[in-house]
Protein chains: 2
Amino acid sequence: MLDTQKLVTFATVVRTGSFAAAARELGYTQPGVSQQMKALERDLRATLFSRAGRGLKLSEEGEALAGRVGGLIADLRAAEERVAAVSRLKQGRVRVCAFPSANATLVPAAMSRLRSRHVNIEIELFEAEPPESLEGLERGDYDVVVAFRYDDQPPAPEVGELVTIPLLDEPMVLMMSDEHPLARRKQVELAELDTARWIAGCVRCRQEFVNACADAGFAPRIDITTDDNLAVQSYVVAGLGLAVMPRMTQSFVKHPKLRAKPLLPERRRHVTATILRSQPKTGAVERVIESLLHAARELNSAYI
Amino acid sequence: MLDTQKLVTFATVVRTGSFAAAARELGYTQPGVSQQMKALERDLRATLFSRAGRGLKLSEEGEALAGRVGGLIADLRAAEERVAAVSRLKQGRVRVCAFPSANATLVPAAMSRLRSRHVNIEIELFEAEPPESLEGLERGDYDVVVAFRYDDQPPAPEVGELVTIPLLDEPMVLMMSDEHPLARRKQVELAELDTARWIAGCVRCRQEFVNACADAGFAPRIDITTDDNLAVQSYVVAGLGLAVMPRMTQSFVKHPKLRAKPLLPERRRHVTATILRSQPKTGAVERVIESLLHAARELNSAYI
DNA sequence: CGTTACACAAACGACTGCTTATACTTCGTG
DNA sequence: CACGAAGTATAAGCAGTCGTTTGTGTAACG
């Protein structure tokens, strides 16, 4: 049966293109690699290389194996990583990844609640936005991911390994300076603002905003794009433009001269917690989820 | 890094439930297995089992690994098998799997043509029907699969590894004894036969037939089901019922008292050759496909 | 309370697998 | 064209791995 050591060596040989280079990289000597590859060929009863004096070429069998070996090694590493993750979780160490504004509001609230009742749970915090954060979850980099999706994105992939738990739905709000002509209006339709200038947030938020404007029948003039929420508010207050942001972004920092109005037509951002289906029943993850749900309920009620 | 030998041993321990049983099955002694598992735990820095005197239980880490180890081993074996398949193909040995009636008509014609011009190609023939045959292709059991699908099945999965090459479309025919009241009619609508008694073929053919009747507005009374085409004809000639079969089935054996009429509304069976996308360019497979295409053309023209 | 079945520990031996040393081939270059 | 550089193959030596043997500890069962 194919053994992993030889597979790793083979992959390195394929990548570097020579036994000697692979040996240098792996910390073997050249004859060691040569013998390993010979043994691999003996195991498989196939010639993998055609030795052409200096430099070597993969045979067709070699190509066939080379095409798979990457995936095989990745799967082995992933299995190792899963076991390590379970060990961590059993020790009460949970890796949580959230997007920036959740890391400023929802997650700290949940963590403080968690800390007050489960002293034996240790949290490692990471910051990333979907879909990178969800890829990290599948790769085994995180145990819990706090992500979001907008109305017009597929409701819940729910495909494969991921389990999605809804945390809260927050409305998008229209932000403007208190000196803006529309600052006293109670309701503003997005379509009224087709000639306005805009400040946009992170890449996905910007895309969502462009979609909303398209639905309202215009293409927005976006002058400034930044993923710094404080900066967005500063620009808006300075009168450089309007912004459409999730409501949560003003719960942790709100400029005194900022005015926020409900966006019409209404659009919502759905904040979710996502875990792997194969999550073991260690309790630590469940407690984190429970705390997130509780914090989300409090955030929701504070704003309704 | 996880090495395969220990993984196989681990999988066997998990399956059998004890070190000793795994040792017996693998041809080791019990302490050998015990040491391997200890080494595996050391590699992973995790305890995989909770030793409970006699008999042992998997820890959560053990469960996590157990859930993946099967797939890992299967992937390793599959990679081995791919390399072996390439070796076989380079020696000109092609494994062809077809469904029964193709094995009686299309495949022999193609093989005889192939034999006459490429003496260095050796064919191994297998018989299976889709979807089993296609699963065998993905598993690496075959190199070329001759399969079929009916009109109402998804046109071509074309997903993942499989590449589908159309060979021929054959119409379904209505078979009856020459003494049947409708034997002199030139055309018969399926809907006219809602009270007839029926002989059905293989499982998928039977399903296709039931679907056809459902489209025509009735549920057929099927008295006999057999995947033996000769038997179907015999029952039909004996007056025990009618049958709807692909036309090809009467090209290799046709009872003299059998009458076949075009089925109305027309339904067709699509015969295809399927190979793996990652097929190496050995030529042998290409020649087999080419022969199958040629034989299919001849069969088509002989019947139009 | 002994028997049985199993896991664990230690000692031993064989074999695997890496290293060093050396020879051979090819390619590039002065 | 000859020589050096770079690469692979082979041989020999040596060490560590791995499986067996042998013996001990422990939990379940009659």
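Which exposed residues does the face of H3(B) turned away from its buried side carry? They are Pro31(B), Lys38(B) and Arg42(B). Keep in mind that this is a predicted model.

**How the two chains relate**

- As background, any two copies of a chain are related by a rotation about an axis and a shift along it.

**Where they meet**

- On the contact count, 28 residues of chain B touch 28 residues of chain A.
- On chain B's side, the elements giving two or more residues are helix H1 (4-16) and helix H4 (60-90).
- H4(B) gives the most to that side, with 17 residues.
- By residue type, the side of chain B that touches chain A splits into 13 nonpolar, 6 polar and 9 charged.
- The copies meet through the same surface, because 100% of the interface residues of chain B are also interface residues in chain A.

**Helix H3 of chain B**

- H3(B) covers residues 30-44, and its 15 residues should span 21 Å at 1.5 Å a residue; the end C-alpha atoms are 21 Å apart, so the two agree.
- Its buried residues are Val33(B), Gln36(B), Met37(B) and Leu40(B).
- Those four cover an arc of only 95° around the axis, so they lie on the same side of H3(B).
- The general rule behind this kind of pattern is that an α-helix has 3.6 residues a turn, so residues three or four places apart point the same way.
- What do the buried residues of H3(B) pack against? Their partners are H1, helix H2 (19-26) and strand S1 (49-51) of chain B.
- Facing away from that buried side are the exposed Pro31(B), Lys38(B) and Arg42(B).
- Just past the end of H3(B), Arg45(B) has a positive phi of about 50°.

**Strand S5 of chain A**

- Strand S5 of chain A (residues 144-150) is mostly covered, with 6 of its 7 residues buried.
- S5(A) runs parallel to strand S3 (residues 93-98) of chain A, and 3 bridges join them.
- Ala98(A) is the residue standing opposite Val146(A) in S5(A).
- S5(A) also runs antiparallel to strand S12 (residues 268-276) of chain A, joined by 6 bridges.
- Arg149(A) has His270(A) as its bridge partner in S12(A).

Technical notes:
Residues numbered from 1 in each chain as written. Chains lettered and ligands numbered in written order. Predicted model: local features only at pLDDT ≥ 70, side-chain atom pairs only at ≥ 80, totals over all residues. Contact = placed C-beta atoms within 7 Å. Nonpolar A, V, L, I, M, F, W, Y, C, P; charged D, E, K, R; others polar. Buried ≥ 20, exposed ≤ 12 C-beta atoms within 10 Å, placed from the backbone. Pairing = 2+ DSSP bridges. Expected span 1.5 Å × (residues − 1). Arc of directions from axis to C-beta.
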